[in-house]
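Trainee: I am new to this structure and would like to go through it with you. Could we begin as soon as it is on the screen?

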Amino acid sequence: MINIRGVTKRYGQQHGIHDINVQIAKGRITSLIGPNGAGKSTLLSVMSRLVPMDVGEVSIDGLDVNKTDSERLARTVSILKQTNDINVRLTVEQLVEFGRFPHSKGRLTSEDKQRVEEAIRYLELGPMRKQYLDQLSGGQRQRAFIAMVLAQDTEYILLDEPLNNLDMKHSVQIMKVLRRLTDELGRTVVLVLHDINFASCYSDAIIAMKDGQIVHEGPTGQMIDASVLRDVYDMDIPIHNINGNNICVYFS
């Protein structure tokens with residue numbers, strides 16, 4: 001479980017997030033939704049210690065994020081940021097191998113290589129494994145970075161807008177992979193999503209943020225609700241049940 005208590009992060013005089021209190025259950029997919037500037041990415045970064053909090057505590061399976069040494073934390077939680085810049089020229093395979101560093105320290109064992117192969121296969125990157133990242137499209141690079149995170153093989157996976165730059169096919173593919181990791185391997189996935197229909201179809205729980213605070217949170221079935229979404233997005237969003245999924249028609 002991720003336990004967030006009284007967390008605040010300011011940027012100058014502005015609050016990125018303010019007095020966040022929430023528990024995120026283990027073994028589920030939890031989506032963070034809300035308008036731009038709601039604080040979703042800041043909260044995700046604070047969870048992983050990429051961004052230091054000003055006030056509050058975050059614990060993951062009882063580990064205090066502020067006090068746990070980096071090596072142990074990297075074996076417990078992995079994160080993919082919204083933007084990823086690497087200063088060295090790497091192939092897809094080398095990038096995915098980098099995900100094993102917390103375990104291998106650069107000396108890949110047979111188990112490390114197996115995890116790398118699984119991640120490459122999950123993301124259908126085999127044909128481009130020897131290509132350099134700067135030779136790939138934005139969507140292909142995004143899949144390579146997600147494969148790196150999967151290869152890290154942590155209990156907790158944090159993803160900031162992982163569907164950026166992806167076409168429909170690969171967006172669905174990524175969400176199915178995350179669903180499989182959760183259902184079959186018990187992984188805990190927390191991700192920022194802008195498309196609330198992906199959150200509706202694949203999440204177990206949703207946390208809705210606005211103006212740096214949590215305004216609603218709960219099981220997906222309760223959150224994909226017209227009154228909840230009106231509070232979050234300041235617009236009326238019709239909802240239709242299609243093949244058992246609640247689909248939000250927000251473009252009309």
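**Salt bridges, strands and a sheet**

Mentor: E184 and R180 form a salt bridge, with 3.2 Å between their closest N and O atoms; the term stands for a side-chain nitrogen of Lys or Arg within 4 Å of a carboxyl oxygen of Asp or Glu. This is a predicted model, in which local features need pLDDT of at least 70 and side-chain atom pairs count only at pLDDT 80 or more, while totals for chains, interfaces and linings use all residues. Residues are numbered from 1 along each chain as its sequence is written, and side-chain values use heavy atoms, with hydrogens and water left out.

Trainee: Where do E184 and R180 lie?

Mentor: Both are in helix α7, four residues apart, which is about one turn of the helix. Helices (H or I, at least four residues) and strands (E, at least two) are DSSP runs, numbered from the N terminus.

Trainee: Is E184 buried or exposed?

Mentor: E184 counts as exposed, at 56% relative accessibility, whereas R180 is partly exposed with 38%. Buried means under 20% relative accessible area, exposed over 50%, and partly exposed in between (1.4 Å probe, protein chains only).

Trainee: How many salt bridges does the structure hold?

Mentor: It holds 19 salt bridges. One of them joins E111 to R115, with the closest N and O atoms 3.8 Å apart. These two are four residues apart in helix α5 (residues 110-122), so about one helical turn separates them. E111 is partly exposed at 43% relative accessibility, and R115 is partly exposed at 22%.

Trainee: Which residues are linked with E111 and R115 in a network?

Mentor: The network of salt bridges links E111, R115, E118, D153, E155 and R187.

Trainee: What about R129, which residue does it form a salt bridge with?

Mentor: R129 forms one with E117, and their closest N and O atoms are 2.5 Å apart. R129 lies in the loop between α5 and α6 (138-152) and E117 in helix α5, so the pair ties together parts that are 12 residues apart in sequence. R129 counts as buried at 18% relative accessibility, while E117 counts as partly exposed at 35%.

Trainee: Changing topic to strands: how many residues of β7 are buried?

Mentor: Five of the five residues in β7 (residues 156-160) are buried. Y156, L158 and D160 point one way from the strand, and I157 and L159 point the other way.

Trainee: And which strands does β7 pair with?

Mentor: Strand β6 (residues 77-80) pairs with β7 in the parallel sense over four bridges; two strands pair if DSSP finds at least two bridges between them. V77 has Y156 as its bridge partner in β7. Strand β8 (residues 188-192) also runs parallel to β7, joined by five bridges, and L159 stands opposite L191 in β8.

Trainee: What does the chain cross through from β7 to β8?

Mentor: It passes through helix α7 (residues 168-185), in a β-α-β crossover that is right-handed. Right-handed means that, with the strands pointing away from the viewer, the path from the first strand over the helix to the second runs clockwise.

Trainee: One last topic: what is the order of strands in the open sheet?

Mentor: Four strands form it in the order β2-β1-β4-β5, with antiparallel pairing. The edge strands β2 (14-24) and β5 (63-64) each have a single partner strand, so one side of each is left without a neighbour in the sheet. Strand β1 (residues 2-11) and β2 pair over seven bridges, and N3 stands opposite Q23 in β2.
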